[in-house]
Amino acid sequence: MVALEVRTPRSISLPTARRIALAAQGFLDPRPEPGKVTSRHLQRVINRVGVVQIDSVNVLSRSHYLPFFSRLGSYDRAKLDQFRDREPRRLIEYWAHEASLIPPSTWPLLEFRRERAKHEAWGGMRRIQEDYPDLVDAVLVEVSRRGPITARECDAAMTVDIPRREGAWGWNWSAVKSALEYLFWSGDITSAGRNAQFERTYVLPECLHLPREPVDSEVAHLELVRIAARAHGIGTARCLRDYFRLGAADTNRALASLVASGDLEIVTVPGWSDRVYLDTSARIPRKAHVEALLSPFDSLIWQRERTEALFGMRYRLEIYTPAHQRIHGYYVLPFLFGDTLVARVDLKADRATGRLLVKRCTWEPDAPPEAFSALQHHLQTVARWLGLHDVAHHQPGAH
């Protein structure tokens, strides 16, 4: 009997893992000269990360603008809006990680999620379909007739088209909004973009010419995990699964297939107890130096356990924490210097006074001295990009 050779997984050092992750996320790509960011540069970031999370908080900037700034420097945000709002669209909105911008090519890979809307959508959305199916149908008709249309416009239009009667559905604006969200999740409607108030505008999917060819669920999960692996460079099953919020069993089957095909390699990283997967096409840099403030919703750090394992920073979002219980602040951006996270900066764009407010800055104990001046320079760049004329420190210095 011939004994089968059992290969010991190669070990990747933690600093190397950090550099792989930074390269995979596009932080080591050449930066364009200030003021010369083109559509090609924006597309390069999209190709790297695959998913850009959306959030409505605007205390500094809408969060989806920040990952592009972190990787490219100052750019015209209107160009990114055009990617989302104009044909030919390079970005569309759907539930990927959370509410996210994704390339249209990813849309068909998420068909399984749309098909499971009745079971997987949030409780309020499911209940609106269960309790008021006629209302959901009426909202769909309204979007088909009047789209692109916002939730408020849809509610106002339905008041005219279908006057509310005592003892009827009992619907109100939030019910219409829930119906729209359910139809959006299920793929019966989609978003044509956002207006100046950041309200989603709804249309039928065929208005955007989105591909609707069915994709086998197993194939879709394989491709989604492949996208996640390329965007990570290196990570655990939990990291890769979280990128598109996939189920464990589906992810594990995809991982096994990608290992068998040679697209992924099982490796070890000191200090990581879970199995680690390396994208075999990943760049493995010998050195890395990055200077960037990161949105709380940046895909480099949105999986908090991964952030702690890679960078040694236990980072948590404190927006929903009562003010007196916050440790680092309301809208805190980690500062990436070199190849690690060295500070947490609580920022606010005070548009009334034209100042970027540094409400608090908390430095990691091992932050190198040169990071202090680098952060000050970076804050000035952020202020100029946001159209602010000054940086004001509420609590200057290290904390």
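Tutor: What follows describes the sheet, then the helix, then the cysteines. The model is predicted. Its open sheet has five strands in the order E9-E10-E11-E12-E13, and the pairing is mixed. E9 (290-293) and E13 (390-393) are the edge strands; each has a single partner strand, so one side of each has no neighbour in the sheet. From one strand to the next the twist averages 30 degrees.

Within this sheet, E11 (residues 340-350) pairs with E12 (residues 355-363) in the antiparallel sense, over eight bridges. As for individual residues, Lys 348 has Leu 357 in E12 as its bridge partner. Helix H15 packs on the sheet and touches E9, E10 (332-338), E11, E12 and E13. The direction of H15 makes about 155 degrees with that of E12.

H15 covers residues 370-385, and Gln 376 is found in it. Gln 376 is partly exposed, at a relative accessible area of 34%. Val 391 is 15 residues from Gln 376 in sequence, and their C-alpha atoms are 8.8 Å apart.

Now the cysteines. A disulfide is a covalent bond between the sulfur atoms of two cysteines. The structure holds zero disulfides. For Cys 154, the closest cysteine sulfur is in Cys 207, 14 Å away, and therefore too far for a bond. Cys 154 is buried, with 0% relative accessibility. Cys 361 also counts as buried, at 6% relative accessibility.

Terms used
Residues numbered from 1 in each chain as written. Predicted model: local features only at pLDDT ≥ 70, side-chain atom pairs only at ≥ 80, totals over all residues. Heavy atoms only, no water. Helix = DSSP H or I, 4+ residues; strand = E, 2+ residues; numbered from the N terminus. Buried < 20%, exposed > 50% of the residue type's maximum accessible area, 1.4 Å probe, protein only. Disulfide = S-S within 2.5 Å. Pairing = 2+ DSSP bridges. Axes fitted to C-alpha atoms, helices over the stretch in contact; angles between N-to-C directions. Contact = heavy atoms within 4.5 Å.
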